Amino acid sequence: MELTTTRPKDGTPAGFTPSPVEPLKHQLLATLAQHRMASTNQLHLLLRPGRSRQSVSQRLNDLLDERLVDFVVLPQSHRTRVWYLTPKGARLTRDWPALRGRPPYPITSATAASLKTPHTLTVLRTHLAFVADARRRGDEHGHLDWTPEVFHSIGDGEKVVADAVMHYTLIGGEQRRKLRAFVEVDRATMSSERLAAKLIEYARLWAYEPQPVGRRRQTAGPGWLRWYPVFPRVLFVLTGAGRQAMNNRISDLRAMAAHHPLVADLAREVPMGAAVLEDLDKYGPTSDVWVPLAGDKSRAWTEL
């Protein structure tokens, strides 16, 4: 089940790009607070795709002069800059309404930034594939509709950490269909077995019911209902290895969904799929590039 509402009949514009009314400097700070780090080009594509890249670079340099942001230079990248908030920038954005409840994770040194860069930029690259697709289709998915590093309790002091939670509104005629997804971005840096075991964590989150406090309180049902009206889809995005290796990893995910009892229960109720990041870049996420973890033919992520 997904949430579907009627689209307003007031000529709502197709697609979503950040409002040019809000200052670009404000949007840059909010984006870096949300995504931790981003390259100049990623910020340009995310916030001002119709403007010159120089307009974004100028505002970033202004923020650098104000000591609200800093950067590291990617090695072997023609001096590509990757930007992040300074502690001063993190303090400034902490209480902004769009970021309320978002833990600030300021990066306090260039060394710390360098350690986080490869995975963080790959997660953001995945987001950009969905953003570009949404703009082409006229759907709603913007720079703050993707929240990296989301933690949820699964009991016994354990947590599941999603690489990102995505919010996406699919526009079809007069209908607006609200979709959510947990997104796992795999750069082939862990074993295939460990990757597939991530499905067990999501199955535990799906089944987890917090224990009521006190005798009079009734159980409120699954814990995830605190954050989501419907349990989000589970999407795995793979990169960083040869095609056969990534196909093998997808096969292991499918085997886990078929043979682990709790994951199999989850797979019967929740859409789950896997795709290769290069295919998302080339064809778009709503192309038939997703392999269902419990199904046969490849399809769009919206049709899993």
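Which residue follows helix 1, and is its phi positive or negative? Select arginine 36: this residue follows helix 1, and its phi is positive, near 80 degrees. Helices (H or I, at least four residues) and strands (E, at least two) are DSSP runs, numbered from the N terminus.

The model on display is predicted, and local features need pLDDT of at least 70, side-chain atom pairs count only at pLDDT 80 or more, and totals for chains, interfaces and linings use all residues. Residues are numbered from 1 along each chain as its sequence is written, and side-chain values use heavy atoms, with hydrogens and water left out.

**Helix 1**

Next, select residues 24-35, which make up helix 1. Its 12 residues reach 16 Å from the first C-alpha to the last, close to the 16 Å expected at 1.5 Å a residue (the expected span is 1.5 Å times one less than the number of residues). Because 10 of the 12 residues are buried, helix 1 is largely enclosed by the rest of the structure. Buried means under 20% relative accessible area, exposed over 50%, and partly exposed in between (1.4 Å probe, protein chains only). Among the buried residues are Leu24, Gln27, Leu28 and His35.

Select strand 4 (residues 81-85), which 5 bridges join to strand 3. Here valine 69 stands opposite leucine 85, and the bridge partner of valine 72 is valine 82. A further 3 bridges join strand 2 to strand 4, where methionine 37 stands opposite tyrosine 84. Strand 4 is mostly covered, with 4 of its 5 residues buried.

- Contact means heavy atoms within 4.5 Å.

**Two single residues**

Select serine 55, which lies in helix 3. At 8% relative accessibility, serine 55 counts as buried. Its side chain reaches the backbone oxygen of serine 52 at 2.6 Å.

Move on to threonine 120, found in helix 5 (residues 110-137). Threonine 120 counts as buried at 12% relative accessibility. Not counting residues up to four places away in sequence, threonine 120 touches His35, Arg36 and Met37.

**Helix 8**

Finally, select residues 261-269, which form helix 8; its buried residues are Val263, Ala264, Leu266 and Ala267. They cover an arc of only 160 degrees around the axis, which puts them on the same side of helix 8; the arc is that of the directions from the helix axis to the C-beta atoms. These buried residues pack against helix 6 (192-207), helix 7 (243-259) and strand 9 (272-276). The face turned away from the buried side carries the exposed residues Pro261, Arg268 and Glu269.

Key: Two strands pair if DSSP finds at least two bridges between them. A polar contact is a pair of N or O atoms within 3.5 Å; within protein, one must be able to donate a hydrogen and the other to accept it, and residues adjacent in sequence count only if both atoms are side-chain atoms.
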